[in-house]
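Here is a friendly first tour of a protein chain. Please take a look at the sequence and the model before reading on.

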Amino acid sequence: MRRREFRYLGLLLAAVLCPAAPAPTAANVRYGPHDRNVLDFWQAPAPGPAPLAIYIQGGGFRSGSKERISARALERLLAGGISVAAINY
């Protein structure tokens, strides 16, 4: 296989093995004055107040996005009764 074929195979495997994240309860909520100051929020199915995990992507003001949150981790947190916020900065 050539390098390009390996790349396409990798993208295909990533799409199959990494499930899509559930839709957020609230998307692109503004929390500050800059255009990138937005967050996505997933509310855990809980009868009352729930703990909150905040995902801050590690792009160091150069790269990265709140969309990079792991779907698997997100689903585990929600199943455990923990709400999640993923932010851009």
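The notes below go from the whole chain to its sheet, its core and a few single residues.

This is a predicted model, in which local features need pLDDT of at least 70, side-chain atom pairs count only at pLDDT 80 or more, and totals for chains, interfaces and linings use all residues. Residues are numbered from 1 along each chain as its sequence is written, and side-chain values use heavy atoms, with hydrogens and water left out. The protein chain has two helices and four strands, in the order α-β-β-β-α-β from the N terminus. Helices (H or I, at least four residues) and strands (E, at least two) are DSSP runs, numbered from the N terminus.

**The chain as a whole**

- Of its 89 residues, 24% count as buried; buried means under 20% relative accessible area, exposed over 50%, and partly exposed in between (1.4 Å probe, protein chains only).
- The chain exposes about 6,600 Å², and carbon and sulfur atoms supply 60% of that area. Accessible areas come from the Shrake-Rupley method with a 1.4 Å probe, and for residues only the protein chains shown count as cover.
- Among contacts with a separation of 6 or more, 62% are between residues 24 or more positions apart; contact means heavy atoms within 4.5 Å.

**The sheet**

- The four strands form an open sheet with mixed pairing, in the order β1-β2-β4-β3. Two strands pair if DSSP finds at least two bridges between them.
- β1 (26–30) and β3 (52–56) are at the edges with a single partner strand each, so one side of each has no neighbour in the sheet.
- From one strand to the next, the twist averages 25°.
- β3 and β4 run parallel and are joined by five bridges. Within this part of the sheet, Y55 has A86 in β4 as its bridge partner.
- α2 packs on the sheet, where it touches β2 (38–42), β3 and β4, and its direction makes about 145° with that of β4. Axes here are lines fitted to C-alpha atoms, for helices over the stretch in contact, and angles run from 0 to 180 degrees between N-to-C directions.

**The core and helix α2**

- The largest nonpolar core has seven residues: W42, A44, I69, L74, L78, V84 and A86. Such a core is a set of buried Ala, Val, Leu, Ile, Met, Phe, Trp, Tyr and Cys residues joined through side-chain atoms within 4.5 Å.
- α2 (71–79) and β4 (83–87) are the elements that give two or more residues to this core.
- In α2, the buried residues are A71, L74 and L78. They lie on the same side of α2, because they cover an arc of only 60° around the axis; the arc is that of the directions from the helix axis to the C-beta atoms.
- In general, an α-helix has 3.6 residues a turn, so residues three or four places apart point the same way.
- The buried residues of α2 pack against β2 and β4, while R76 and A79 are exposed on the other side of the helix.
- Just after α2 comes G81, with a positive phi of about 80°.
- Core residue A44 is in contact with A50, L78, G81, I82 and S83, leaving aside neighbours within four places in sequence.

**Residues to look up**

- S83 lies in strand β4 and is buried, with a relative accessible area of 5%. Beyond neighbours within four places in sequence, its contacts include F41, W42, P51 and L78.
- F41 lies in strand β2 and is partly exposed, with a relative accessible area of 26%. Leaving aside neighbours within four places in sequence, F41 is in contact with residues including P24, L52, S83 and A85.
- N28 is found in strand β1 and counts as partly exposed at 46% relative accessibility. Its phi is near 55°, a positive value in a residue other than glycine. The C-alpha atoms of N28 and F41, 13 residues apart along the chain, are separated by 8.4 Å.
- S65 lies in the loop between β3 and α2 and is buried, with a relative accessible area of 17%. Not counting residues up to four places away in sequence, S65 touches Y55, Q57 and N88.
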